[in-house]
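Please find below a colleague's note on the model under review. It is arranged as numbered points, to be read beside the sequence and the coordinates.

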Amino acid sequence: MEARLEQTKEARLSALMQEYGTKVLRLVYLLVGDRSAAEDITQDVFVKVYRSLDGFRGESAIQTWLYKIAVNESKGYLRSWALRRVFPVSRVFRQSQTTVEAEALEKLGRENVAQLVMSLPAAYREVILLYYYGGLSIAEAAEVLGVSEGTVRTRLHRARQQLKPLLIEEGLGWT
């Protein structure tokens with residue numbers, strides 16, 4: 001009976017939320033730069049996951065699937081008319097330097113680097129976050145973003161090229 005309960009859709013969702021909830025929230029927060037919006041978007045992500053859980057075929061890793069939904073929800077939020085009217089993009093990026101972000105990134109010892117990453121254009125920021133923060137491979141990042149592996153490699157290269165002078169200027173070096 002207990003094994004049967006573990007296989008319910010609700011139990012699978014609960015396990016996913018426990019394992020990936022914080023990671024998805026942090027990824028969404030880093031993409032949208034607003035804690036409250038990130039919490040709402042993360043809820044939307046897991047609602048979509050719940051609705052689609054039976055249809056997940058396992059063709060990709062569950063983390064890749066979750067991140068793809070999270071990135072798409074974040075992009076939708078950033079494209080929304082209401083956001084552009086209420087929060088100009090420059091304000092969103094200024095808000096991204098709150099203590100929540102600093103706490104998350106301080107653990108990695110990369111607070112200043114993260115602020116520089118947040119200043120990158122969205123396409124470059126996404127690949128940096130998925131590849132370095134999310135730990136996804138180039139192939140997985142390509143799947144999440146719905147682009148080719150070559151596009152991910154190009155965006156990573158260009159993002160690094162944009163970050164290099166900023167890191168040197170901040171005295172953080174270049175590794």
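1. Basis of the note. The model is predicted, so local features are given only where pLDDT is at least 70 and side-chain atom pairs only at pLDDT 80 or more, whereas totals for chains, interfaces and linings use all residues. Residues are numbered from 1 along each chain as its sequence is written, and side-chain values use heavy atoms, with hydrogens and water left out.

2. Overall make-up. The protein chain has eleven helices and zero strands, where helices (H or I, at least four residues) and strands (E, at least two) are DSSP runs numbered from the N terminus. Of its 175 residues, 36% count as buried; here buried means under 20% relative accessible area, exposed means over 50%, and partly exposed lies in between, with a 1.4 Å probe and protein chains only. The chain exposes about 10300 Å², of which carbon and sulfur atoms supply 50%, the areas coming from the Shrake-Rupley method with a 1.4 Å probe, and for residues only the protein chains shown count as cover.

3. Contacts along the chain. Among contacts in the protein chain with a separation of 6 or more, 65% are between residues 24 or more positions apart, a contact being heavy atoms within 4.5 Å.

4. Helix H4. The 18 residues of H4 (residues 62-79) should span 26 Å at 1.5 Å a residue, and the end C-alpha atoms are 26 Å apart, which agrees; the expected span is 1.5 Å times one less than the number of residues. Its buried residues include Trp65, Leu66, Tyr67, Ile69 and Val71, and what covers the buried residues of H4 includes helix H2 (9-32), helix H3 (35-52), helix H9 (122-133) and helix H10 (138-145).

5. Which residues does Ser74 touch, not counting residues up to four places away in sequence? They are Val28, Leu31, Val32 and Ile41. Ser74 belongs to helix H4, and with 1% relative accessibility it counts as buried.

6. Salt bridges from Asp54 and Lys9. The whole structure contains six salt bridges, each defined as a side-chain nitrogen of Lys or Arg within 4 Å of a carboxyl oxygen of Asp or Glu. One of them joins the side chains of Asp54 and Lys9 at 3.7 Å, N to O. Because Asp54 lies in the loop between H3 and H4 and Lys9 in helix H2, the pair ties together parts that are 45 residues apart in sequence. Asp54 counts as exposed, at 54% relative accessibility, and a network of salt bridges links Lys9, Arg12 and Asp54.

7. Two further pairs. The side chains of Glu39 and Arg35 meet in a salt bridge at 2.9 Å, N to O; the two are four residues apart in helix H3, and therefore separated by about one helical turn. Glu39 is partly exposed, with a relative accessible area of 37%, and Arg35 is partly exposed as well, at 35%. Glu126 forms a salt bridge with Lys75, the closest N and O atoms being 3.8 Å apart. Since Glu126 lies in helix H9 and Lys75 in helix H4, this pair ties together parts that are 51 residues apart in sequence. Glu126 is buried, with a relative accessible area of 8%, whereas Lys75 is partly exposed, at 23%.

8. Packing of H9 and H11. The axes of H9 and helix H11 (residues 149-169) come within 9 Å and cross at roughly 100°, which makes H9 roughly perpendicular to H11. Axes are lines fitted to C-alpha atoms, for helices over the stretch in contact, and angles run from 0 to 180 degrees between N-to-C directions; angles under 35 degrees count as roughly parallel, over 145 as roughly antiparallel, 65 to 115 as roughly perpendicular and the rest as oblique. Residues of H9 that meet H11 include Tyr124, Val127 and Ile128, and those on the H11 side include Leu156, Arg158 and Leu163.

9. Arg158 of helix H11 is partly exposed at 46% relative accessibility; Arg158 and Tyr124 are 34 residues apart in sequence and 7.4 Å apart in space, C-alpha to C-alpha. Tyr133 is placed in helix H9 and counts as partly exposed at 23% relative accessibility. Tyr133 and Lys23 are 110 residues apart in sequence, with 9.4 Å between their C-alpha atoms.
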